[in-house]
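Let's take a walk through this structure together, one stop at a time. Keep the sequence and the 3D view at hand as you read.

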Amino acid sequence: MTKRHGYALLSAFTALVVALSVTVLIRSAAGEGTSASSATGRRPHGSSAAPASTGTWVGSWAASPVGAEPGTEAAGLAGRSVRNVVHANTGGTSARVTLSNLYGQAPLTITHASVALSAGRGTAAARAETMRRLTFDGAYAVTIPAGGQAVSDAVRIVVPHDQDVLVTTYSPTPSGPVTIHPHARQISFVAPGDRTEEATGIPYAERSAYWRYLTALDVLSNEADGTVVAFGDSITDGITSTMGENRRWPDVLASRLRSAAASGADVPRYSVVNEGITGNQVLANGLGRPAENPSGLSRFGRDALSRPNVKVVVIDLGINDVTHSRSAADGTKITDGLRTLVRQAHARGLKVVGATLTPFGGHRTWTPALERMRQQVNAEIRAGGVYDAVVDFDLALKDPRDPRRMLPKYDSGDHLHPSDLGFHTMAETLNLSLLKGAGQAEL
């Protein structure tokens, strides 16, 4: 063989290798040459899983996992589709969700999950053109261990702010009990069989006042640069707000921030997520392992510090510690516990705005001794020794003629929880400029 023929043969061989390599790459990118999409649930070519635009990941909606759903201990919701309805307070061009099996006693296998925009308020129907199948680490199916959670891959979907979003999951196998957030103040739906991508909503005849499995909806947003976490109890959870109308004080705060930023006001561009739990305390856990209704101290890292691009935490917590108190010394324990939360936030460079405890005179738990404790806690908060900044919810809601009680128009009727107008007033009371800046180095 001549040298020239050797070079020609080598060139031909190199060209063949390059051609074969390109073919393999093209086939791999298209999902060909592998049975993964059918055998293991890997997503096929054409999936809209990768973000298509720039922006900042922020929380658009969230709800803390609270406990195990009664009656689901043996089988969970095997063989049924769960369609959670949530309200996006901030818009984006991509979305991802977090699913929790915190209170499950067995692995939870989700074989089909989807996200879509709702066709309207109070309905299980979806806008069909927005239906997207979710993947988890590239696969359609995910198994979440007992006590664990899973975050979906990002999927391209334009989510407008102030829009209801449907997140649907299907599990074919027993996996109880179901992890829930009760007192959702939002109706969600359940259907028999795998109806995950059903757009009409017709099979979803069963209604539920719980959020099941779902604990977060994040969006890739150009509307917000960070997240505010509202961290509290039933007053933050909005237990007495109108069902399905999104009138909790964090909802109103989110609208205020968005409107102010859009008008050019000198305020941060932040989303707001609600991490309130009805009955929550700073210090005490509920029963069970893991504890249901975990204390503020035990859940703060998960529910506040871990939110995407969190910048500020607004804490309205402590009234349940007061109403459950057995000792006059408990007031100091409450403020010490709140300071612990603030120190944890400061370690992450976060600012903490804290609320005074609102009146509850006339409630069945009220006593003069507990009122003195509430006033003690509020005095410490107002003095500036607990939080970076203070929002005075007590001052905003109290009856000037009887400061132990809420003004009647702000009272839901139980003398502890505000009405819709009371929640709106709380959100209006918070000076938006307080959300600017970072936390102090030390209090």
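Before the first stop, one term: a residue counts as buried when its relative accessible area is under 20%, as exposed when it is over 50%, and as partly exposed in between, using a 1.4 Å probe and protein chains only. You are looking at a predicted model, where local features need pLDDT of at least 70 and side-chain atom pairs count only at pLDDT 80 or more, while totals for chains, interfaces and linings use all residues. Residues are numbered from 1 along each chain as its sequence is written, and side-chain values use heavy atoms, with hydrogens and water left out.

Let's start with the whole chain. Of its 443 residues, 54% are buried. The chain has 10 helices and 23 strands; these are DSSP runs, with helices being H or I of at least four residues and strands being E of at least two, numbered from the N terminus. Now for contacts, meaning heavy atoms within 4.5 Å. Among contacts in the chain with a separation of 6 or more, 80% are between residues 24 or more positions apart.

Now zoom in on the loop between β18 (270-276) and α5, where you'll find Asn293. Is Asn293 buried or exposed? Asn293 has a relative accessible area of 17%, so it counts as buried. A polar atom of the Asn293 side chain sits 2.8 Å from the backbone oxygen of Thr278. That is a polar contact, which takes a pair of N or O atoms within 3.5 Å; within protein, one must be able to donate a hydrogen and the other to accept it, and residues adjacent in sequence count only if both atoms are side-chain atoms. Setting aside neighbours within four places in sequence, Asn293 also touches a list of residues including Val66, Tyr103, Ile277 and Asn285. The loop between β18 and α5 holds Pro290 as well, and the peptide bond leading from Arg289 to Pro290 is cis, with omega near 0°.

There's another cis peptide bond to find, from Gly176 to Pro177, with omega near -10°. Pro177 is in the loop between β11 (163-171) and β12 (179-181).

Next, move to helix α7, residues 330-346, and helix α8, residues 368-382. Two packed helices are described by the angle between their axes and the distance between the axes. Here the angle is about 35° and the axes are 9 Å apart. The axes are lines fitted to C-alpha atoms, for helices over the stretch in contact, and the angles run from 0 to 180 degrees between N-to-C directions. Which residues meet where α7 and α8 pack? From α7 come Asp330, Gly331, Thr332, Ile334, Thr335 and Arg339, and from α8 come Met373, Gln376, Val377 and Glu380. Together the residues of this contact split into three nonpolar, four polar and three charged. In that count, Ala, Val, Leu, Ile, Met, Phe, Trp, Tyr, Cys and Pro are nonpolar, Asp, Glu, Lys and Arg are charged, and the others, Gly among them, are polar.

Over in α5 is Gly301, which counts as partly exposed because its relative accessibility is 35%. The C-alpha atoms of Gly301 and Gln344 are separated by 8.1 Å, although these residues are 43 residues apart along the chain.

Asp162, in the loop between β10 (155-159) and β11, has a positive phi near 60° despite not being glycine. His415, in the loop between β23 (402-406) and α10, also has a positive phi, near 70°. His415 is partly exposed, because its relative accessibility is 27%.

The buried residues of α10 are Gly422, Phe423, Thr425, Met426 and Ala427, and they pack against α3 (234-237), α4 (249-262), β19 and α9 (393-397). In the segment after α10 (420-429) you reach Ser433. The side chains of Ser433 and Asn431 are joined by a polar contact of 2.7 Å. Ser433 and Asp266 are 167 residues apart in sequence, yet 7.7 Å apart in space, C-alpha to C-alpha.
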